[in-house]
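Welcome to this short tour of a protein model. Please keep the sequence and the 3D view open while you read, and look up each part as it comes along.

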Amino acid sequence: MKQEREQNCVDQFARRHSSLTAGKALFSLDGRVALITGGSRGLGLAMAEGLGQAGATVAINGRNADTLETVASTLRGRGLEAETSPFDVTDHHAAQVAIDAIVARHGQLDILVANAGIIHRAPLDDWTSVDWDRILTTNLKACFFLAPQVAVSMRRQGHGRIIFTTSIVSVQARGGIHGYAASKSGLVGLTRSLACELGEYGITCNGICPGYFETELTASVLQSEEYVARLNSRVPLRRWGQPSDLAGVAIFLASDAASYVTGQQIVVDGGFTTTI
Ligand SMILES: NC(=O)c1ccc[n+]([C@@H]2O[C@H](COP(=O)([O-])OP(=O)(O)OC[C@H]3O[C@@H](n4cnc5c(N)ncnc54)[C@H](OP(=O)(O)O)[C@@H]3O)[C@@H](O)[C@H]2O)c1
């Protein structure tokens, strides 16, 4: 009787262990190579760190090579495989050169997190066509031109993940950020059209749609205690997002766990968009 009970325990442990291993494998990014634009700080850096922790080699992008080297070296100090890929996302030639270099180094590029973005806040009458072009070029046009560039390698591999950082302003409006809202809404449409065209090659395209997060992008509004308090009162989880709150979703979308998820937006906003 005792022997039978012990054997049951051993069997149960083995079953649990093998399902845990299978669960971990589903989210593992071992052997994957990821490019994260706007990975020098904020949300991009947190997602890069998450992908690295899941096993991917991460190439972090931004415009300042020195800053990127410092950040990559910190990630390497934490045991992650991190390298730098400095270029301005609005410079399509520079992007092509950088992507070619990643593919030449690793023989593959599995994941693009197109996250680099900027914001401009001004009343409607103060918007100039220069402001409009700057926002749309960085937040939307650059993402569009990065997609075919990474798709070359992804098509060949028969596998790829394109992830855009969109925003809840694509579903909920606020004045003063007209170009930003237009760019992020455009990115939602682009997510869907790329998903349709690239699906047959095993490439998925999804968006991570953040609510309000504490980063340099929101630093000016974070200075207003009244604004922060007003927002917190509308967020069911009663706080602003921390960049690390995005890591899990990025890992999920980049991993085999999300093999059949494409053309979607995953909202990460502490419940903000569910309230009225
Ligand atoms: N924070 C929020 O609450 C929030 C909410 C929704 C969506 N988002 C989106 O999340 C993304 C990241 O924002 P964040 O809050 O992390 O902002 P952030 O802290 O200001 O970081 C922006 C990143 O983009 C890079 N970048 C900007 N322009 C670039 C360019 N032309 N070429 C290459 N890299 C460029 C910056 O690097 P360098 O300056 O070093 O080049 C930096 O790494 C953006 O797309 C933003 O719209 C943010």
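Predicted model: local features only at pLDDT ≥ 70, side-chain atom pairs only at ≥ 80, totals over all residues.

## A first residue: Leu 198

Leu 198 has 20 C-beta neighbours inside 10 Å, so it counts as buried. Residues are numbered from 1 along each chain as its sequence is written.

Leu 198 belongs to helix H6. Setting aside neighbours within four places in sequence, Leu 198 is in contact with Ala 151, Ile 203 and Cys 205 (two residues are in contact if their C-beta atoms, placed from the backbone, lie within 7 Å). Leu 198 can also be compared with Thr 262: the two are 64 residues apart in sequence, and their C-alpha atoms are 9.8 Å apart in space.

## The protein as a whole

How many helices and strands does the protein have? Its secondary structure comes to nine helices and seven strands. Helices (H or I, at least four residues) and strands (E, at least two) are DSSP runs, numbered from the N terminus.

With 276 residues, a compact globule would have a radius of gyration near 19 Å, and the protein agrees with this because its value is 20 Å. That radius is taken over C-alpha atoms, and the globule rule is 2.2 Å times the number of residues to the power 0.38. Along its principal axes, the C-alpha trace spans about 85 × 50 × 40 Å. Of the 276 residues, 40% count as buried. Among contacts with a separation of 6 or more, 73% are between residues 24 or more positions apart.

Helix H6 covers residues 178–198, and its 21 residues should span 30 Å at 1.5 Å a residue; the end C-alpha atoms are 30 Å apart, which agrees. The expected span is 1.5 Å times one less than the number of residues.

The buried residues of H6 include Tyr 180, Lys 184, Leu 187 and Leu 194. What do the buried residues of H6 pack against? Their partners are helix H5 (129–157) and the strands E5 (160–165), E6 (203–210) and E7 (265–268).

## Strand E6, covered on both faces

Eight of the eight residues of E6 are buried, so this strand is largely enclosed by the rest of the structure. On one side are Ile 203, Cys 205, Gly 207 and Cys 209, and on the other are Thr 204, Asn 206, Ile 208 and Pro 210.

E5 and E6 run parallel and are joined by six bridges; strands pair if DSSP finds at least two bridges between them. One place to look is Phe 164, whose bridge partner in E6 is Gly 207.

Strand E1 (residues 33–36) pairs with E2 in the parallel sense over four bridges, and Val 33 stands opposite Thr 57 in E2. Strand E2 (residues 57–60) is covered on both faces, with Thr 57 and Ala 59 buried on one side and Val 58 and Ile 60 buried on the other.

The 12 residues of H2 should span 16 Å at 1.5 Å a residue, and the end C-alpha atoms are 17 Å apart, which agrees. H2 is mostly covered, with 11 of its 12 residues buried. After H2 comes Gly 55, which has a positive phi, near 115°.

## Around the ligand

Which residues come nearest to the ligand? Of the 29 residues around it, these are Gly 38, Gly 42, Arg 63, Gly 117 and Thr 215. A residue is near a molecule or strand if its C-beta atom, placed from the backbone, lies within 6 Å of it. Helix H2 (residues 42–53) gives the largest share of this shell, three residues.

The shell divides into eight nonpolar, 17 polar and four charged residues. Here Ala, Val, Leu, Ile, Met, Phe, Trp, Tyr, Cys and Pro count as nonpolar, Asp, Glu, Lys and Arg as charged, and the others, Gly among them, as polar.
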